[in-house]
Amino acid sequence: MISIQQFAFNPYRENTYVLFDESLECVIIDPGMYDGDEQNELVRFIKENKLKPVLLLNTHCHIDHVLGNKFVYDNWSLKPQFHAGELSVLQAIPGYATQMGFEYELSPEPEVFLGETGTVKFGNSQLELIFAPGHSPAHLCFYAAADNFLIGGDVLFYTSIGRTDLPGGNHAQLINSIRNNLFILPNDCRVYPGHGQFTTIGFEKQHNPFLQS
């Protein structure tokens with residue numbers, strides 16, 4: 001069984017997730033730590049629970065989701081894994097970070113890119129890849145079928161959806177991704193988004209104003 005620890009980091013209150021199971025191997029998803037206090041909070045949790053980070057995953061590569069990539073690499077020698085279609089998004093960050101008031105530590109680039117489908121494994125667990133572009137060009141979500149939850153990034157939020165006005169965003173594509181790739185999951189599947197509170201697939205089918213046909 002996978003346990004989930006959620007942190008809200010950086011000025012965007014981005015949700016960083018640590019997933020771990022009884023093996024004590026863990027996955028760090030979308031590390032958004034920005035200052036020393038946030039970095040210490042993540043390290044403290046990992047040490048107190050005797051976890052061993054084995055994977056660094058990014059749902060997508062907007063700045064608020066990758067601010068901690070370099071820190072994770074420096075501490076656990078993990079390079080990020082994400083879809084190759086997000087590489088240009090990552091490489092664009094140094095060009096705009098200072099305008100947004102961020103001191104950005106350059107993220108390492110992947111040695112392994114993730115596909116549109118497939119699985120990633122850690123410990124005794126696995127996550128299925130779900131391709132869900134629209135908020136960004138090659139956004140991935142990570143679905144734990146055995147535990148019925150989704151790490152959703154910035155695709156689907158509680159009564160909302162990801163913004164589509166950033167480079168590579170496409171509103172129609174995002175709606176299509178949600179309807180065709182996420183709404184096929186069980187209604188009681190918990191969705192842990194990139195910002196804000198968790199929700200469920202069934203609740204969003206019924207109540208999300210952006211997805212009412």
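Biologist: Is Cys141 buried or exposed?

Modeller: In this predicted model, Cys141 is buried, as its relative accessible area is 0%. Cys26 is likewise buried, with a relative accessible area of 0%.

Biologist: How many disulfides does the structure hold?

Modeller: A disulfide is a covalent bond between the sulfur atoms of two cysteines. This structure holds zero disulfides. For Cys26, the nearest cysteine sulfur belongs to Cys61 and is 19 Å away. The sulfur of Cys141 has its closest cysteine sulfur in Cys189, and because the two are 10.0 Å apart, they are too far for a bond.

Biologist: Which residues of the largest nonpolar core touch the most other members?

Modeller: In soluble globular proteins, nonpolar side chains tend to be buried together. Here the largest nonpolar core has 20 residues, and those touching the most other members are Leu19, Ile29, Leu57, Leu127, Phe142 and Ile151. Among the elements that give two or more residues to this core are strand S2 (14–20), strand S3 (25–29), strand S4 (52–57) and strand S7 (125–131). There is also a second, separate core of 18 residues, which includes Ala132, Cys141, Ile175 and Leu211.

Biologist: With which residues is Leu127 in contact, leaving aside its neighbours within four places in sequence?

Modeller: The partners of Leu127 beyond those neighbours include Ile2, Leu19, Ile29, Leu57, Val120, Phe122 and Phe142.

Biologist: Which residues other than glycine have a positive phi, and where are they found?

Modeller: Most residues other than glycine have a negative phi. Among those with a positive value here is Leu24, whose phi is near 75°; Leu24 is found in the loop between S2 and S3. Asn148 is another non-glycine residue with a positive phi, of about 55°, and its place is in the loop between S8 and S9. As to accessibility, Leu24 is partly exposed because its relative accessibility is 33%, whereas Asn148 is buried, with a relative accessible area of 17%. The cut-off for buried is under 20%.

Biologist: How much space lies in the largest pocket, and which residues are closest to its centre?

Modeller: Rolling a probe the size of a water molecule over the atoms shows where empty space is left. The largest pocket contains about 410 Å³ of space. Its lining comprises 19 residues, of which His62, Asp64, His135, Arg163 and Leu166 are the closest to the centre. By type, the lining divides into 11 nonpolar, five polar and three charged residues.

Biologist: Which helix gives the most to that lining?

Modeller: Helix H4 gives the most, with three residues. Helix H2 (63–66) and helix H4 (87–96) each supply at least two.

Methods
Residues are numbered from 1 along each chain as its sequence is written. This is a predicted model: local features need pLDDT of at least 70, side-chain atom pairs count only at pLDDT 80 or more; totals for chains, interfaces and linings use all residues. Side-chain values use heavy atoms; hydrogens and water are left out. A nonpolar core is a set of buried Ala, Val, Leu, Ile, Met, Phe, Trp, Tyr and Cys residues joined through side-chain atoms within 4.5 Å. Buried means under 20% relative accessible area, exposed over 50%, partly exposed in between (1.4 Å probe, protein chains only). Helices (H or I, at least four residues) and strands (E, at least two) are DSSP runs, numbered from the N terminus. Contact means heavy atoms within 4.5 Å. A disulfide is a pair of cysteine sulfur atoms within 2.5 Å. On a 1 Å grid over the protein atoms alone, a cavity is a set of points where a 1.4 Å probe fits but cannot get out, and a pocket is an open set with protein on both sides within 12 Å along at least five of seven lines; lining residues have an atom within 4 Å of a point. Grid points are joined across faces, edges and corners, and a volume is the space filled by probe spheres set on the points. Ala, Val, Leu, Ile, Met, Phe, Trp, Tyr, Cys and Pro count as nonpolar, Asp, Glu, Lys and Arg as charged, and the others, Gly among them, as polar.
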